[in-house]
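Work through the exercises below with the sequence and the 3D view at hand. Try each task before reading its solution.

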Amino acid sequence: MTQTHADYQLSQLDQLEAESIHIFREVAAEFEKPVLMFSGGKDSIVMLRLAEKAFYPAKLPFPLLQVDTGLDFDEVLQTRDNWVDRLGARIHIASVEDAIAQGIVIDDGKTSRNRQQIGALLHAIEDNGFTAAFGGGRRDEEKARAKERVYSHRDEFGQWDPKMQRPELWSLYNGRIHAGEHMRIFPLSNWTELDIWHYIDREQIEIPSIYFAHERDVILRDGMWLSVSDAVQPKDNELVETKMVRFRTVGDKSQTGCVESTAATTAEIIDEIAIARVTERGATRGDDRFSEAAMEDRKKEGYF
Amino acid sequence: MATPQTSSDHGQMDLLRFATAGSVDDGKSTLIGRLLLDSKSIFEDQLEAVEASSVSKGYDYTDLALLTDGLRSEREQGITIDVAYRYFATPSRKFIIADTPGHIQYTRNMVTGASTADLGLVLVDARQGLTEQSRRHAVLLSLLRVPHLVLAVNKMDLVDWSQEVYEKIHKEFTQFATKLNIPDLEVIPISALQGDNVVERSANTPWYSGPTLMHHLEHVHVASDRDLVDVRFPVQFVVRPKSDEFHDYRGYAGQVAGGVLKPGDEVVVLPSGMTSTIQGIDLFDEEVAEAFPPMSVTVRLEDDVDVSRGDLIARVNNAPKPSQDIDAMVCWMTNEPLRPRQKLAIKHTTRTARAMVKDIQYRLDVNTLHRDQDTKELGLNEIGRIQLRTTVPLLCDPYSKNRTTGSFILIDEATGVTVGAGMINNAS
């Protein structure tokens with residue numbers, strides 16, 4: 001049996017964990033058909049860990065939903081499969097390519113896969129009748145997210161209206177929705193990037209290997225290091241270099257840049273982040289860099 | 001002092017949640033920008049964007065307020081319209097700021113931000129002194145039982161660092177505060193723009209011997225604000241694996257709202273009144289010796305009693321009396337006024353019921369503390385004392401005793417919107 005602290009103090013990481021578990025249980029108790037949006041990234045893995053803890057020793061009372069962009073890193077898909085197997089979880093895969101084939105999403109050759117995910121995601125939520133969708137968004141990521149609620153109401157079109165948000169007081173969450181609407185749930189709202197890494201370190205849980213430093217063929221494009229792959233081929237003036245790199249976020253291969261790093265363990269990553277001077281999104285996500293209000297626009301359209 | 005933390009200490013730091021209040025011109029956004037900047041929580045690309053934006057607006061200095069003005073619609077109007085949450089950490093503490101706008105029409109945001117705060121930070125402009133708005137902020141923080149209050153007297157550089165100005169505001173505020181419930185008050189002279197007494201002690205205030213703002217935030221003692229005596233465990237979810245391995249497992253999941261629970265404790269389940277003994281307390285795959293607020297755990301009982309979501313586990317000799325008649329202070333948050341006979345949904349801990357407004361006793365003027373007993377309704381952003389009758393008993397405490405079991409929200413059943421926030425005075 002574990003002895004708890006004599007002074008009845010909970011560390012901030014334990015407080016965050018307790019708050020997130022509370023949110024998972026509220027949603028499981030009050031919503032008819034929740035689903036956990038799983039990207040395979042570190043935030044969604046931490047979410048999955050918290051959900052595992054919230055209902056243990058029972059299995060997750062809801063399935064996972066992954067949007068397959070068709071451009072996902074193999075390492076990410078492998079980690080996803082390992083988690084799903086270990087938890088005995090159910091998973092729905094919504095494919096962007098299928099959505100394009102069915103005409104739900106238009107591929108104009110200019111729109112990034114991260115953006116095309118929106119259509120595939122909304123379609124999957126509507127098609128399956130999910131009433132609540134857990135997302136791994138954190139308020140420290142971006143200015144627009146700083147104002148989002150833990151329970152974020154979406155209308156029939158999956159849109160977020162920042163001026164129509166419900167007040168959220170104490171730990172009393174209001175999950176009322178009308179037919180056709182759904183709620184996005186952000187159990188990691190109060191976590192920072194550093195909290196996520198400390199938690200991964202403490203829990204010793206599996207995350208995709210591309211988060212750790214490894215050698216990779218990369219090219220420099222628009223100030224970002226992109227991995228050479230079927231999705232990214234060097235143009236005439238671009239030089240392929242082999243570098244020691246790691247990824248700070250996982251998105252689709254055509255859009256997600258990596259950073260030069262030698263951090264090979266979670267502890268080394270934590271030290272690296274503690275002195276990092278550029279936010280994770282601004283540095284390595286091409287789709288966030290087009291305008292200062294990029295995230296606000298995508299949220300209104302129904303992005304996570 | 002604020003320096004980037006490394007791997008060793010972060011997980012073990014404690015947490016302080018604070019709410020900030022002030023009007024557009026008090027320099028609140030600048031102060032938050034300053035705290036983020038000086039604790040190195042601002043990244044290079046964020047700072048560059050703000051510097052570029054300041055230059056393009058023709059400002060002489062970097063407008064730190066631009067760091068926190070989130071939504072484009074706000075930037076266009078140059079105001080903050082909603083509660084925004086910010087994060088920063090020093091080596092000893094992590095901080096969550098609920099940044100709330102100060103305009104009169106946004107009382108609901110302030111109440112929202114204060115509901116989870118350990119500390120309230122009110123800003124005043126040294127040139128203006130106490131305004132109606134700063135008094136109102138203090139009243140709301142007191143009403144929400146935020147246990148610690150800091151009054152930051154800002155823009156001291158614009159009054160030549162006058163001790164006299166500071167003392168006058170200090171005295172006036174202390175007098176006003178005697179009418180309120182503010183257990184802990186600190187008044188700090190600062191300049192958010194220049195950084196004086198924010199993180200670094202200022203050479204401009206030799207007459208001031210108190211802490212800097214950051215020092216106070218880092219050291220204010222919040223652990224003792226919790227109730228570790230009265231056991232309150234609202235049941236959220238019944239865990240029944242129905243698997244071969246855990247065939248007979250039945251656990252009651254929830255977050256401890258008060259007191260310390262231990263295996264072997266005799267407990268009562270409300271509202272049924274059935275008694276049992278705690279068999280074990282599970283935190284994921286481990287058994288723990290104790291559970292205290294705000295831990296999320298799963299409690300197993302010795303006896304096969306009927307327990308479901310919305311029930312409350314308490315001690316046999318220390319349990320709230322189930323009650324359907326609730327006397328509460330309510331902050332009304334929607335355009336359509338609250339009126340007697342109105343029916344609403346009520347969510348209290350994990351229990352949802354319906355409630356009818358029996359009476360509106362008075363409306364509280366948050367500027368003068370005057371009680372208007374002739375009122376027939378409560379409008380948007382108004383606060384009043386009301387009586388409710390609920391369809392099922394609530395298992396509640398006075399808000400002054402427990403902020404979790406003493407609070408509730410009111411929901412419009414047609415629109416599904418949260419329309420009111422309530423703090424229970426007593427239940428009978």
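**Exercise 1.** Find how β5(A) and strand β6 (residues 182–185) of chain A pair, and over how many bridges.

Solution. Step 1: β5(A) and β6(A) pair in the antiparallel sense. Step 2: four bridges join them; strands count as paired if DSSP finds at least two bridges between them. Step 3: take one position, where Ser152(A) stands opposite Arg184(A) in β6(A). Helices (H or I, at least four residues) and strands (E, at least two) are DSSP runs, numbered from the N terminus.

This is a predicted model, in which local features need pLDDT of at least 70 and side-chain atom pairs count only at pLDDT 80 or more, while totals for chains, interfaces and linings use all residues. Residues are numbered from 1 along each chain as its sequence is written, chains are lettered from A and ligands numbered from 1 in the order in which they are written, and side-chain values use heavy atoms, without hydrogens and water.

**Exercise 2.** Give the strand order of the open sheet of six strands in chain A, and name its edge strands.

Solution. Step 1: the order is β3-β2-β1-β4-β6-β5, with mixed pairing. Step 2: β3 (91–95) and β5 (151–154) of chain A are the edges, each pairing on one side only. Step 3: neighbouring strands are turned by 30° against each other on average, direction ignored.

**Exercise 3.** Describe strand β5 (residues 148–154) of chain B: its cover, its two sides and its pairing with β4(B).

Solution. Step 3: strand β4 (residues 119–125) of chain B pairs with β5(B) in the parallel sense over seven bridges. Val122(B) stands opposite Leu151(B).

**Exercise 4.** How do helix α5 (residues 132–143) and helix α6 (residues 163–177) of chain B cross?

Solution. Step 1: their axes, lines fitted to C-alpha atoms over the stretch in contact, come within 11 Å and cross at roughly 40°. Angles run from 0 to 180 degrees between N-to-C directions. Step 2: that makes α5(B) oblique to α6(B); under 35 degrees is roughly parallel, over 145 roughly antiparallel, 65 to 115 roughly perpendicular, and the rest oblique. Step 3: Arg135(B), Ala138(B) and Val139(B) of α5(B) and Glu172(B), Phe173(B) and Phe176(B) of α6(B) make the contact (heavy atoms within 4.5 Å).

Conventions. Buried means under 20% relative accessible area, exposed over 50%, partly exposed in between (1.4 Å probe, protein chains only).
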